[in-house]
Amino acid sequence: MSSRHHIDDFMRVRIIGKIEVGRKITDVAREFDIAHSVVSRLWKSFKTTRMCSTRHGGGRVRSTTPAEDRYIVLSAKRNRRTTAQQVANQFLAASGKQISRKTVARRLRGGGLYARRPVVCVPLTRQHRTARLQWFREYHNWTEQDWACVLFSEERKGPISDMQYHGVGRHHDQWPHAPTCGCERYIDEVVLPHVRLFRGAVGDKFVFMDDNATCHRTLAVQDCLDSEGIQRLVWPARSPDLNAIENVWDALGRQVAGRNYHPTNKNTLTRAFTEEWDKLPQQLLDNVVQSMVRRVECCITLHDGHIPY
């Protein structure tokens, strides 16, 4: 088997010269350790074009520069719901250069971004809808002031650690992000150092919302919450559209994706999330908390179905 994978112009000239003086293609291929088919195609090409070297410079000229390619990828990362055509329109407004939707798609593929079929929502059974409707009716009379006393949390799998806890209160300078895996660590690394802290800052009206994770529902966790005077907010299953922290997490993810230097390991990713969290405007957190009244009303209007939040 031949071992050469590249033939430069100098070797091409030598191969053609040996065949011109009468050497057989098989002997030349064996001498240069090249496949017989490669030497045969080279000889046929020489007889047609009378050229030994390969031609360079064919094909269409790229319509965008490397800097413009990075701008296209960055624009898509800043808003993950933007379509290729919308990115092309943004590029036209920023640079004055017209590019097609397919060009944008190719640049995004080059940047590691691929199209995904969007999942609109998680499926709801009749039991889920009944539980959601009961929850809506129970909290329909809550005001913005009532929701402002709620600490929203979420536990999701992510690249920082196996499980991440995120809390949103009225002041975003305190961001709990302790890894949890089991009720003991959940109590020691989340409830006591963070949830209890918010409980003391808000007062007796404080309510803690969790997302029904298994480790949240143990007797040990409930005993800890009771001992600290922490009231738990009942939460319907399969209802991420009601959790205000989903919007905060989405905004945080866009800011991290829009950084000039992307995290390359766990430590840099943790630092990036912490830095971008500090940059989140307080108005953003206020808006998502204030939206809870509208969410409940919208759910009742849509007959306990998913809402566009």
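What share of the contacts in the protein chain with a separation of 6 or more is accounted for by residues 24 or more positions apart? The share is 64%, where contact means heavy atoms within 4.5 Å.

The structure is a predicted model, in which local features need pLDDT of at least 70 and side-chain atom pairs count only at pLDDT 80 or more, while totals for chains, interfaces and linings use all residues. Residues are numbered from 1 along each chain as its sequence is written, and side-chain values use heavy atoms, with hydrogens and water left out.

**Overall composition**

The protein chain contains 13 helices and four strands; these are DSSP runs numbered from the N terminus, with helices being H or I of at least four residues and strands being E of at least two. Of its 309 residues, 39% are buried. Buried denotes under 20% relative accessible area, exposed over 50%, and partly exposed the range in between, with a 1.4 Å probe and protein chains only. The chain has an accessible surface of about 18,700 Å², and carbon and sulfur atoms contribute 52% of that surface. Accessible areas come from the Shrake-Rupley method with a 1.4 Å probe, and for residues only the protein chains shown count as cover.

**Aromatic residues**

Eleven aromatic pairs are present in the structure. Two of them are tabulated here.

| Pair | Centre distance | Plane angle | Class |
|---|---|---|---|
| Trp-135 and Tyr-139 | 5.1 Å | 40° | tilted |
| Trp-142 and Trp-147 | 4.7 Å | 55° | tilted |

Rings of Phe, Tyr and Trp (its six-membered ring) pair if their centres lie within 6.5 Å; planes under 30 degrees apart count as stacked, over 60 as edge-to-face and the rest as tilted. Trp-135 is buried at 3% relative accessibility, Tyr-139 is buried at 7%, and Trp-147 is buried at 0%. One aromatic cluster is formed by Trp-135, Phe-136, Tyr-139, Trp-142, Trp-147, Phe-152 and Trp-235.

**Asn-243**

Asn-243 lies in the loop between strand 4 (231-233) and helix 11 (245-257), and is buried with a relative accessible area of 3%. Leaving aside residues up to four places away in sequence, Asn-243 touches Phe-152, Ser-153, Glu-154, Met-209, Trp-235 and Arg-295.

**Helix 10**

In helix 10 (residues 219-227), Val-221, Cys-224 and Leu-225 are the buried residues. Viewed down the helix axis, the buried residues of helix 10 fall within an arc of 95°, so they line one face of the helix; the arc is that of the directions from the helix axis to the C-beta atoms. Leu-219 and Ser-227 are exposed on the other side of helix 10. The cover over the buried residues of helix 10 includes helix 9 (183-202) and strand 4.
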